[in-house]
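Morning, everyone. I have one structure to walk through today. Let me put it on the screen.

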Amino acid sequence: MSNTNDGHTRSSARVGLQPVANVGVRICGSGSFVPDKVLSNADFERMMDTTDEWIFQRTGIRERRIADPAKGEDNKHFCTQALSRALRDARMDPKELDCIVIATVTPDMLCPSAACEVSAAIGAGHAAAFDVTAACSGFVYSITIAHDMIRAGSHRTVGVVGCDVMTSVMDYSDRRVSILFGDAAGAVVLRATDDTTRGMIAQCMHADGSGWRELYLPRSERNFPEGHDASPDKINRLQMNGREVFKFAVRTFSEVIQQCLDKAGLTADDVDHFVCHQSNARILESARERFGLPEEKLYVNIDKFGNSSAGSVGLCFDQLRQSGRITEGQLVMFVAFGGGLTWAASLWRV
């Protein structure tokens, strides 16, 4: 029975655990995966009636990464690579995980869960495993859930992955939607620590189910709202009312940031980094201006990776952490919004 750096034994999660009142949660590793294949705006110019200028002005996107099925790049591959890299970063064996949580709306199959597939792929033993379906908000929902599982004492070490292979559900005849999305996965490993200053300070998770019809992924003709085109070629293809989703995002993005700050009793100036879902460069810029944030506090990578749904926040965090821009002890707010309609913010001392 060997000791960890956080004062807990590696085998502690295998015995009966009691709720722990004074425990912190440390992000002890991160990882991500993006495929090599690039789909640029120039590629779209050859596919449909559009231009690089039209796409960039409306979205801020120049290119996005897309899976190559010929190389075996499916959801399981993305998640396995990202979580394996996070475990290596944390210097942990997969069998030290007590639980795996995967946020995705593009699993390779509905049963078993993506988390169970990944657990087997990395050799995590009998760790609990389940998926979270909250679309683009999925990663933020999942780290919030995992954090509270650890704080409750039921688990000590949890791997969280946000991943979507959005190109698997794209209709490339619809330029309004297909130009937005790319494929990516981001992962973190959370572990209990005796340092009670670490972990989540405040969080907000919301949903407005009445808005589901503005962004949905139908599996049959019955899933289409009344009045929507239910053509067979639209089944298993993402349907989005871009105008309404944009208005929803602009409104809720700043609101949920302010709500989370108010819960924490802090201001935007107190936060070192805002790690946000990459949906649209204009939405990100409006939030930056609303809170008077310098560019270095709100990371933007949408120009290179597009909107990768549940993969985007974890990818941003890993890129910031691996580059040394996010360091231990800083205050970091994770923010996302997406289908459901869902939105969430989670403020951490990492």
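Start with L284. Set aside its neighbours within four places in sequence, and L284 is in contact with F253, C276, H277, Q278, L298 and V300. This is a predicted model, by the way. L284 sits in helix α8. Is L284 buried or exposed? Its relative accessibility is 2%, and the cut-off for buried is under 20%, so L284 counts as buried. For a sense of distance, take P218. L284 and P218 are 66 residues apart in sequence, and their C-alpha atoms are 28 Å apart in space.

α7 covers residues 242–264.

Keep the helix geometry in mind here. An α-helix has 3.6 residues a turn, so residues three or four places apart point the same way. After the helix comes G265, with a positive phi near 70°.

Pick I257 out of α7. I257 is buried, with a relative accessible area of 1%. What does I257 touch, not counting residues up to four places away in sequence? The answer is F274, F291, M333 and V335. Along the chain, I257 and V271 are 14 residues apart, and their C-alpha atoms are separated by 11 Å.

Now the core. Nonpolar side chains tend to be buried together in soluble globular proteins. Here the largest nonpolar core has 33 residues. Which members touch the most other members? They are V160, L190, V275, F334 and W348. Several elements each supply at least two residues of this core, among them β1 (24–33), β6 (157–165), β7 (183–193), α10 (311–322) and β13 (342–349). The largest share, seven residues, comes from α5.

Zoom in on W348. Leaving out residues up to four places away in sequence, W348 touches V25, I27, I143, H147, L190, G199, M200, I201, Q330, L331, V332 and F334. Two of those, L190 and F334, were also in that list of core residues with the most contacts to other members.

Nine of the twelve are buried, so α10 is largely enclosed by the rest of the structure. Those buried residues are G311, S312, V313, G314, L315, C316, F317, D318 and L320. Just after α10, G324 takes a positive phi of about 85°.

Next, pockets. The largest pocket holds about 890 Å³ of space. It is lined by 35 residues. Nearest its centre are V105, T106, P107, V169 and L217. By class, the lining has 18 nonpolar, eleven polar and six charged residues.

The second largest pocket has a volume of about 540 Å³. Of its 24 lining residues, L180, M240, G242, R243 and F246 are the closest to its centre. Which elements give two or more residues to this lining? They are α2 (52–59), α7, α8 (281–290) and β12. α7 gives the most, with five residues. The lining divides into twelve nonpolar, eight polar and four charged.

Most residues other than glycine have a negative phi, and most peptide bonds are trans. What are the exceptions to look at?

Two cis bonds first. The peptide bond from C111 to P112 is cis, with omega near 5°. P112 lies in the loop between β4 and α4 (114–122). A cis bond also joins G340 and L341, with omega about -10°. L341 lies in the loop between β12 and β13.

N236 has a phi near 65°, and lies in the loop between β9 (215–216) and β10 (239–240). S309 has a phi of about 55°, and is found in the loop between α9 (302–305) and α10. N236 counts as partly exposed, at 39% relative accessibility. S309 counts as buried, at 3%.

That's the tour. Over to you.

Methods: Residues numbered from 1 in each chain as written. Predicted model: local features only at pLDDT ≥ 70, side-chain atom pairs only at ≥ 80, totals over all residues. Heavy atoms only, no water. Core = buried A, V, L, I, M, F, W, Y, C linked by side-chain atoms within 4.5 Å. Buried < 20%, exposed > 50% of the residue type's maximum accessible area, 1.4 Å probe, protein only. Helix = DSSP H or I, 4+ residues; strand = E, 2+ residues; numbered from the N terminus. Contact = heavy atoms within 4.5 Å. Expected span 1.5 Å × (residues − 1). 1 Å grid on protein atoms, 1.4 Å probe; cavity = no way out; pocket = protein on both sides within 12 Å on 5 of 7 lines; lining within 4 Å. Points joined across faces, edges and corners; volume = space filled by probe spheres on them. Nonpolar A, V, L, I, M, F, W, Y, C, P; charged D, E, K, R; others polar.
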